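Open the model in your viewer and keep the selection tool ready. Please walk through the stops below in order.

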Amino acid sequence: MYKHIDKLEIAGFILPVTLFTVWYVATMEDAVPAYLLPSPWDLIRTAIDFAIASEGLTPYSGELLVHSIASIGRVVTGFGLAAAIGLPLGFLSGRIALAKSSLDPTVHLIRIVPGIGWLPLAMVWFGVGESTTLFLISLASFFPIYVNAAQGASSVSPMLVRAGRMLGASELRIFTTVIIPAAMPSTVAGLRLGLGLSWAYLVLGELTGVTHGLGAVMMDARMLGNVEMILVSMIFIGLFGRISDLLLLGSFRRLNLLKGSYEE
Amino acid sequence: MRKAKLSVSDINKSFYMPGENISLQVLEKIDFEIQEGEFVSILGPSGCGKSTFLNILAGFENVDCGNAVCCGESITGPSPERAVVFQSPVLFPWLDVKENIMYGLKQVGKRKKDAEQLASEYLKAVGLEGFGNYYPSQLSGGMQQRVSLIRSLVLGPKVLLMDEPFAALDAQTRYSMQQLLLQLWENNRQTIVFITHDVEEALLLSDRICIMSRRPGRIIEEISVPFERPRTISLAGSEDFSILKSRILGKLLT
């Protein structure tokens with residue numbers, strides 16, 4: 001069985017290794033000009049320089065921390081806002097028919113317009129930059145958080161609720177000690193989707209013009225014709241996105257809230 | 001005569017079937033009483049409404065008409081005074097065994113230290129010492145059902161309601177659960193209403209058996225079980241047991 005897994009894991013490496021080799025060969029002999037695609041080696045040097053100002057290769061050398069803090073701060077704020085509104089509303093609409101019928105139609109109506117479609121309006125309302133970015137992140141990540149929390153809360157096994165009631169739990173305690181924990185697997189799936197969207201909309205917001213942030217660096221580097229920096233920023237955004245997802249998942253696992261919903 | 005712990009008079013219950021636009025009567029004119037310390041089984045074919053009856057006693061369902069009273073108070077909703085053991089364990093999967101047992105104690109305001117103490121005692125009594133930190137998914141079906149049993153027992157309910165609690169277990173585990181329940185009952189004389197479709201189980205465990213008819217469910221006969229206590233599983237091999245069993249089977253099949 002272990003042998004089988006090893007084989008599959010090896011299979012997973014074939015494509016990236018091939019791509020990397022093609023990339024390396026293509027840039028080695030300048031078959032592809034460096035202003036379109038830099039070599040892997042140049043990219044690594046640029047990334048290290050971006051982080052610790054080792055060589056002063058670009059105008060951004062040593063600025064990784066500043067831009068990362070700006071970007072991560074926006075994701076945390078925007079995503080946090082979406083979760084703070086989306087979770088309680090989702091749980092309520094999953095359990096209370098009146099909440100569902102008052103909220104659901106409007107939420108789904110707004111949801112139909114893709115998040116990107118809000119960009120022009122957001123720029124008119126909030127101006128270019130910070131507030132627009134936060135608005136876009138919150139708006140986009142709200143929907144999966146709300147929908148999945150509601151779905152989780154509405155599909156809690158009625159038997160679990162009965163068990164809680166006969167053990168003496170009040171309606172409020174049922175909500176906090178049965179509904180919310182039982183809804184967690186679905187809720188966390190929604191939070192992860194929302195977090196992923198947060199990073200996507202962070203880049204969109206930052207492209208429209210903020211002074212600091214990885215998206216700003218990308219846009220700025222494009223104007224300077226610095227492809228290395230564009231790619232390096234992309235890599236860091238991907239890296240942070242992945243790390244934040246693992247942190248989110250890990251913290252819920254630690255709290256023991258992903259034990260799986262009850263199955264009869 | 002002692003006052004009944006729980007009594008039900010003249011209750012009817014129907015369910016509205018939206019698909020067919022008819023109302024299906026499941027219980028008809030049920031009269032029932034149980035005294036303190038009595039173990040009574042409700043025996044009937046599947047679909048006869050015996051689980052609905054238990055749900056009414058538990059306060060999960062309302063009656064159409066009639067009265068259901070526990071210790072002088074009308075039953076209006078679920079309460080730890082009428083704790084339930086369901087057919088499946090229905091434990092909280094995100095809590096470990098100990099936390100599951102302490103859940104009810106916490107709701108009724110027991111101090112954490114006392115609750116922990118009680119949980120350990122009961123775990124020991126059912127042979128699950130050392131499993132307090134396991135999660136339900138890590139236990140076998142029989143072990144889960146033992147946890148489910150003591151999570152209700154630990155609350156010291158006035159009446160324990162058991163809804164075919166061993167029906168989903170394999171035969172061997174079922175015997176050991178029946179044996180365990182007999183032992184526990186010898187020690188605390190808990191008042192128990194026990195729903196089952198298994199004649200042997202009813203005979204082995206109870207003081208009295210109420211036989212229900214097919215739907216709409218009525219109590220068609222009450223039988224006092226004469227066997228001496230303490231009982232063991234070996235009782236099932238005796239001649240008196242067989243005679244009573246065939247008498248009840250005959251009644252069920254008519």
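The tour goes from the contact between the chains to charged pairs and then to aromatic rings. Keep in mind that this is a predicted model.

**Stop 1: the interface**

Select chain A and chain B together. The contact draws 21 residues from chain A and 23 residues from chain B. About 2000 Å² is buried between the two chains, and 66% of that lies on carbon and sulfur atoms.

Now look for charge across the contact. How many salt bridges link chain A and chain B? The count is one salt bridge. Select Arg162(A) and Glu61(B) to see the pair, whose closest N and O atoms are 3.8 Å apart. Polar contact between chain A and chain B comes to two residue pairs, both at pLDDT 80 or more.

Next, color the helices of chain A. Helix 7 (158-166) and helix 8 (171-207) of chain A each give at least two residues to the side that touches chain B. Helix 7 of chain A provides the largest share of that side, seven residues. By class, the side of chain A that touches chain B has 10 nonpolar, six polar and five charged residues.

**Stop 2: back to Glu61(B)**

Lys13(B) sits in strand 1 (residues 4-17) of chain B, and Glu61(B) sits in the loop between helix 1 (50-58) and strand 4 (65-70) of chain B, so the pair ties together parts 48 residues apart in sequence. Are these two residues, Lys13(B) and Glu61(B), buried or exposed? Both are buried.

**Stop 3**

Widen the view. Over all chains, the whole structure has 20 salt bridges.

Select Lys100(A) and Asp104(A). This salt bridge spans 3.2 Å, N to O. Both residues belong to helix 4 (residues 97-112) of chain A and are four residues apart, about one turn of the helix. Lys100(A) counts as partly exposed because its relative accessibility is 44%. Asp104(A) has a relative accessible area of 14%, so Asp104(A) is buried.

Move to Glu221(B) and Lys251(B). Their salt bridge is 3.4 Å, N to O. Glu221(B) is in strand 10 (residues 219-224) of chain B and Lys251(B) is in helix 7 (residues 239-253) of chain B, so the pair ties together parts 30 residues apart in sequence. Glu221(B) is partly exposed at a relative accessible area of 22%, and Lys251(B) is partly exposed at 30% relative accessibility.

Then select Asp42(A), Arg45(A) and Glu55(A). Salt bridges with shared partners join these residues into one network.

**Stop 4: aromatic rings**

Show the rings. The structure has 19 aromatic pairs over all chains.

Pick Trp125(A) and Phe126(A). The pair is edge-to-face, with 6.3 Å centre to centre and 90° between the planes. Trp125(A) is exposed at 52% relative accessibility, while Phe126(A) is partly exposed at 38%.

Jump to Phe32(B) and Phe53(B). The ring centres are 5.4 Å apart and the planes stand at 85°, so this pair is edge-to-face. Phe32(B) is in strand 2 (residues 22-35) of chain B and Phe53(B) is in helix 1 of chain B, so the pair ties together parts 21 residues apart in sequence. Phe32(B) is buried, with 3% relative accessible area, and Phe53(B) is buried, with 0%.

How values were computed
Residues are numbered from 1 along each chain as its sequence is written. Chains are lettered from A and ligands numbered from 1 in the order in which they are written. This is a predicted model: local features need pLDDT of at least 70, side-chain atom pairs count only at pLDDT 80 or more; totals for chains, interfaces and linings use all residues. Side-chain values use heavy atoms; hydrogens and water are left out. Contact means heavy atoms within 4.5 Å. Buried area is the accessible area (1.4 Å probe) that two parts lose on being put together, summed over both. A salt bridge is a side-chain nitrogen of Lys or Arg within 4 Å of a carboxyl oxygen of Asp or Glu. A polar contact is a pair of N or O atoms within 3.5 Å; within protein, one must be able to donate a hydrogen and the other to accept it, and residues adjacent in sequence count only if both atoms are side-chain atoms. Ala, Val, Leu, Ile, Met, Phe, Trp, Tyr, Cys and Pro count as nonpolar, Asp, Glu, Lys and Arg as charged, and the others, Gly among them, as polar. Buried means under 20% relative accessible area, exposed over 50%, partly exposed in between (1.4 Å probe, protein chains only). Rings of Phe, Tyr and Trp (its six-membered ring) pair if their centres lie within 6.5 Å; planes under 30 degrees apart count as stacked, over 60 as edge-to-face and the rest as tilted.
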